[in-house]
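Subject: Structure handover

Hi,

Here is the structure we talked about. Please open it next to this email and follow along.

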Amino acid sequence: MIKQAGYLLFALFFHLFRLCPRKKNKVFLVATHDAGPDGNIGIVSRRLKEEKPEYEQVWFTRNNTIRRPVDFFVKKAYHLATASYVFLDNEFLPMAYLHFGKNVKVVQLWHGTGTIKRFGQDVNTGTLKKLEYNANQRITHLIVNSEAVKKEYASAFAVDPSRIYVIGNPRTDRMLDKQYLTKKVEQFYQDYPEMKEKRCILYAPTFRDTEVSNPKLHLDLQKTADSLGKEDVLFIRLHPHIATHLKETLEGWKEKRIYNVSEYPEIATLLAAAEVLITDYSSIIFEYCLLERPMLFYAYDLKEFEQTGRSFYRDYRSFVPGPVIETEEELLSCLKEQKYPQKESFVRENFPFLDGNATSRLFALIFSD
């Protein structure tokens, strides 16, 4: 109820400010998931500065909270009400109560480049589902990578397929730019010089709704450390909520070549540095697969996730592009023996565009008139 009241108050100021003239060259950027330079919003922002420097950019991030009420309810509501373009990388629930002018373009880029597990309208219930549904009706352009995911996003966002555009996601441009990634890896080695000449393994599990109050790592750190080869290092990248709870658990393991990189600002850099990815149900695989490197799917709770969790849009075992592993012993064995066969067709099925021009297509679509 308190949050809804906040959304309504935001909407009240928004509609008051709609009486002000809308600015043709104002862009409102909602980056509440990833405000970094490698996120969708960061990429759009940089391209705007390069190609359309006359455009005004106003950002809304996780730092914009109701703890700063004048900034949140007044300034941000004003800028949103007077913007002609809105780009989002996440849900923005105050939009459930907003009404934009007919020429305003509301572009949902989302923060995933594909999906394995069900999300949004397909899993949410109650008030959240209703607010999310109403907010999504404001979307004029929902951007996806392929026809394969279009149907799933239409369902998850409850958006008519006519508003979904298969042009590629800006974040994939970064993963296809070898020169850019080389610079990022060099930057990473400056931050972690001890990583040079090592086989970097990244473990990035997805967020689980059932572990909000009791987060677990599901890895025996001592066993993992003992199983690592002399040239191996393990990065652990956790969801911010889980990372906060497990920060103390992960401290002191650097000497064992286990690093907590949950607070490292750029996920693209970590992916570029990793020679092997371990994950489960995370959409991170859609970016990493573009590097054509091995992945292991440590799905220790697969049956439970299928039956009582979010479940999946497609058969998990046949869909993911690597071996599915359900026990820690099997995972460590695979890492030690370096056995991880891959599904080569995965990239072709999910990325019809591999030219690195997704951002250019986006700009041609949105700023064409």
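Start with G309, which counts as partly exposed because its relative accessibility is 35%. Here buried means under 20% relative accessible area, exposed means over 50%, and partly exposed is in between, with a 1.4 Å probe and protein chains only. G309 sits in the loop between α12 (302-307) and α13 (316-319). Helices are DSSP runs of H or I with at least four residues, strands are runs of E with at least two, and both are numbered from the N terminus. In sequence, G309 and D209 are 100 residues apart; in space, their C-alpha atoms are 7.8 Å apart.

Two notes before you go on. This is a predicted model, so local features need pLDDT of at least 70 and side-chain atom pairs count only at pLDDT 80 or more, while totals for chains, interfaces and linings use all residues. Residues are numbered from 1 along each chain as its sequence is written, and side-chain values use heavy atoms, with hydrogens and water left out.

**Helix α1**

Now go to helix α1, residues 2-17. At 1.5 Å a residue, its 16 residues should span 22 Å, and its end C-alpha atoms are 23 Å apart, which agrees. The expected span is 1.5 Å times one less than the number of residues. Which residues of α1 are buried? They are G6, Y7, F10, A11, F14 and F17. Seen down the axis of α1, these buried residues fall within an arc of 140 degrees, so they line one face of the helix. The arc is that of the directions from the helix axis to the C-beta atoms.

**α1 against α3**

The axes of α1 and α3 come within 8 Å and cross at roughly 50 degrees. That makes α1 oblique to α3. Axes are lines fitted to C-alpha atoms, for helices over the stretch in contact, and angles run from 0 to 180 degrees between N-to-C directions. Under 35 degrees is roughly parallel, over 145 roughly antiparallel, 65 to 115 roughly perpendicular, and the rest oblique. From α1, the residues G6, L9, F10, F13, F14 and F17 meet F72, F73, V74, K76, A77, Y78, L80 and A81 in α3. Contact means heavy atoms within 4.5 Å.

Helix α3 has 13 residues. From its first C-alpha to its last it reaches 17 Å, close to the 18 Å expected at 1.5 Å a residue. Its buried residues are D71, F72, F73, K76, A77, H79, L80 and A81. They pack against α1, β1 (26-31), β2 (56-61) and β3 (85-88).

**α2 against α16**

Helix α2 (residues 40-51) and helix α16 (residues 358-366) pack at an angle of about 70 degrees, and their axes are 11 Å apart. That makes α2 roughly perpendicular to α16. On the α2 side, I43, V44, R47, L48 and E51 make the contact; on the α16 side, T359, S360, L362 and F363 do.

In α16, the buried residues are A358, T359, L362, F363 and I366. Down the axis of α16, they fall within an arc of 135 degrees, so they line one face of the helix. They pack against α2, β3, β4, β5 (141-144) and α6 (170-176).

**Single residues**

T224 is in helix α8 (residues 221-227). Its relative accessibility is 2%, so T224 counts as buried. Leaving out residues up to four places away in sequence, T224 touches L219, L234, I258, E328 and L332.

A243 is in helix α9 (residues 240-250). A243 counts as buried at 11% relative accessibility.

Last, two backbone angles. Most residues other than glycine have a negative phi. Phi of W110 is near 60 degrees, a positive value. W110 lies in the loop between β4 (105-108) and α4. Phi of E292 is near 55 degrees, also positive. E292 lies in the loop between α11 (285-288) and β11 (295-298). Is each of them buried or exposed? W110 counts as buried, at 11% relative accessibility. E292 counts as exposed, at 70%.

Best wishes
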